[in-house]
Amino acid sequence: MSGHDHGEDGVSRRKVLECMTWAGTGVLWTITGGVPRSLGIIDSAEAATAAAPGMTFLQISDSHVGFDKPANPNALGTLEEAVNKINAMPVKPSFMIHTGDITHLSKASEFDNADRIISQSKLDVHYVPGEHDFLDEEVKFYRERYGRGTKGAGWYSFDAGGVHFIGLVNVVDLKAGGLGNLGTEQLAWLEDDLRGKSKSTPIVLFAHIPLWTVYPEWGWGTEDGGRALEYVKGFGSVTVLNGHIHQVMQKVEGNVTFHTARSTAFPQPAPGTAPSPGPMKVEDAKLRSMLGVASVNFKQNEQRLAIIDTPLQG
């Protein structure tokens, strides 16, 4: 966020950095009374039990349909594996959120293939774009498919199960080093969208590039993300879901829980562990343990929200 301390009883920026979690299979996060805490590693069966009943939705990200390089020669195939895993869930989710980079090169055929596979989940899907979805000259393929009823470059909000969801677009005017950007028009809309909402309403913000600064040297952050987070700081329960970095990272700062999702296509290196970001080739046997989806559960009466990350394999 903006780098300020929260006082002696709060969490300093340094402490927050120490609390960043590189998460493996089935790390369950809950928010009870606005206080996030990790319940540790659980297996998928326990995760499924813990997640029900209540409203459950899925986050999927970075499908990169059309990618065919050595890091994953068949990104469409691993997307289909992810959808098969979703279809096998014991509790059918209410809907799905896709946090961008649906395609790799914004080709009409890539969007068509993504739709064909994702529709097999038979779930309503709420999309926000990644920078790879805005590569065609007129940026029409994404907007024709997913932009109806949205504002500006594709931002919008909706309510489900007592939670207010806000889809933001931070890939239109990338800043130095590839940092995301929301812009003044979208920020003004966000402030207006939240006006009048009860502070007890759980808020979920979702966008492609992390709204918090993960690693600015690689463009892993949003230049004006702190302004968006200022608008939600008075709410008791805020969850921020992002993609872009192709790995699970989690951070808690005050009332806000930040979570980035795995890709269904290929992993990227951990921040600073390679000369630059990009597709990371791993052993074939290891690839599916580094790809996956996230399941999120909210229980109305308990103000409880849990995030369960599930790899395709492992």
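This is a predicted model: local features need pLDDT of at least 70, side-chain atom pairs count only at pLDDT 80 or more; totals for chains, interfaces and linings use all residues.

Visitor: Why is valine 139 called buried?

Guide: Valine 139 has a relative accessible area of 14%, and buried means under 20%, so the label applies to valine 139.

Visitor: What makes the phi of valine 139 worth a remark, and where is this residue found?

Guide: The phi of valine 139 is near 50°, which is a positive value in a residue other than glycine, and the residue is found in the loop between β6 (125-127) and α5 (140-146). Most residues other than glycine have a negative phi.

Visitor: Which value of phi does histidine 246 take, and why is this residue called buried?

Guide: Histidine 246, placed in the loop between β10 and β11, has a positive phi near 60°. Its relative accessible area is 2%, and since the cut-off for buried is under 20%, histidine 246 counts as buried.

Visitor: How do you know that strand β12 is largely enclosed by the rest of the structure?

Guide: Five of the five residues of β12 (residues 256-260) are buried, so the strand is largely enclosed by the rest of the structure. Val256, Phe258 and Thr260 point one way from β12, whereas Thr257 and His259 point the other way, and all are buried.

Visitor: What makes β12 a partner of β10 and of β11, and in which sense does each pair run?

Guide: Two strands pair if there are at least two bridges between them. Strand β10 (residues 238-242) and β12 have five bridges and pair in the parallel sense, with valine 238 opposite valine 256. Strand β11 (residues 249-253) and β12 also have five bridges, but pair in the antiparallel sense, and here glutamine 250 has histidine 259 as its bridge partner. In the hairpin of β11 and β12, with two residues between the strands, glycine 254 takes a positive phi near 60°.

Visitor: How does the span of helix α3 compare with the expected one?

Guide: Helix α3 (residues 75-87), with its 13 residues, reaches 19 Å from its first C-alpha to its last, close to the 18 Å expected at 1.5 Å a residue. Among the buried residues of α3 are Leu79, Val83 and Ile86.

Visitor: And what can be said of the whole chain?

Guide: The protein chain has eight helices and 14 strands, and 54% of its 314 residues count as buried. Among contacts between residues at least 6 apart in sequence, 72% join residues at least 24 apart.

Methods:
Residues are numbered from 1 along each chain as its sequence is written. Side-chain values use heavy atoms; hydrogens and water are left out. Helices (H or I, at least four residues) and strands (E, at least two) are DSSP runs, numbered from the N terminus. The expected span of a helix is 1.5 Å times one less than its number of residues. Buried means under 20% relative accessible area, exposed over 50%, partly exposed in between (1.4 Å probe, protein chains only). Contact means heavy atoms within 4.5 Å.
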